[in-house]
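Hi,

Here's the structure I said I'd pass along.

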Amino acid sequence: MAVEQEPQISIWPDLATLTEAAALHVVELGRRAIAERGQFAWALSGGSTPKPLYELLGSARFAQALDWRSVLFLWSDERCVPPDHTDSNYGMAHNALLSHLPLSAAQVLRMRGEDEPNAAAEAYELQLRAAGPLDLLLLGMGPDGHTASLFPHSPALTETERWVVPNRAPDGSARLTLTFPALNQGAIALFLVAGADKAARVKQALREPSADLPAQRVRPIHGQVEWMLDKQAAGELA
Ligand code: 6PG
């Protein structure tokens, strides 16, 4: 039986030190996975917090830090827009990171936000299941406690079978998202959260189990949850 571990929490002085620490952590996890299994399967998120991390990992300093040809890039969620749209999570990661790395097309499994959402979700589920276990899920948390595109009270929260589903953000925009069954088969779920506007939710997420935030339901069955926070986001933790 899997024994659930307490989340690991680290707090950094500001976004720059958080980003630096996260980059070194991703590299360490990647090296370990590649040494053990020959591949590092990493699911990316959108949002503003990981962008500097992607840019740092895409910089010359990290070019030799990891065997980038052994990394498989996936996504935890996507907006239903074409890849070159400014809202595309793939597009953001491509510009900040992927376009700077020596990758083959087969290493980049993006969600096809431009396709009909149900068909895109089904197609992505097949790719995700074929990819094998995720070594790292890089996640964020919105001010409402959502993670990936799993918004409070949205239908995707109750999905127990499918790994990828269409969902809607509170503003009505269409999304594709991994579900809890998919997120919870990963090894490390790493929440990267920065900014004072997240402080109250971070406190709830980490100290109030009854808050029932979507982010709290990420609990890998055989893995570990980690939170890397800047001082502002951690401001209400006792
Ligand atoms: C997205 C996300 C989403 C994000 C949070 C936090 O596509 O927007 O994957 O879940 O991680 O909303 O976003 P910030 O980093 O911008 O606060």
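**Around the ligand**

The ligand has 16 residues around it, and the closest ones are Ser48, Thr49, Arg79, Ala148 and Lys198. Keep in mind while you look that this is a predicted model.

What kinds of residues make up that shell around the ligand? It splits into 2 nonpolar, 10 polar and 4 charged residues.

Next, zoom in on some of the contacts. Arg79 puts a polar side-chain atom 2.4 Å from an oxygen atom of the ligand. Lys198 does something along those lines, with a polar side-chain atom 2.5 Å from a ligand oxygen. With Ser48, it's a polar backbone atom that comes in, 2.7 Å from an oxygen atom of the ligand. On its own the ligand would expose 420 Å², and the protein buries 89% of that.

**The pocket**

So where does the ligand sit? The space it takes up is the second largest pocket, and that pocket has a volume of about 320 Å³. The pocket is lined by 20 residues, and Gly46, Gly47, Ser48, Gly142 and His146 are the closest to its centre.

Cheers

Notes: Residues numbered from 1 in each chain as written. Predicted model: local features only at pLDDT ≥ 70, side-chain atom pairs only at ≥ 80, totals over all residues. Heavy atoms only, no water. Near = heavy atom within 4 Å. Polar contact = N/O pair within 3.5 Å; in protein donor to acceptor, adjacent residues only side chain to side chain. Areas by Shrake-Rupley, 256 points an atom, 1.4 Å probe, with all protein chains shown as cover. 1 Å grid on protein atoms, 1.4 Å probe; cavity = no way out; pocket = protein on both sides within 12 Å on 5 of 7 lines; lining within 4 Å. Sits in = over half its atoms within 2 Å of the grid points. Nonpolar A, V, L, I, M, F, W, Y, C, P; charged D, E, K, R; others polar. Points joined across faces, edges and corners; volume = space filled by probe spheres on them.
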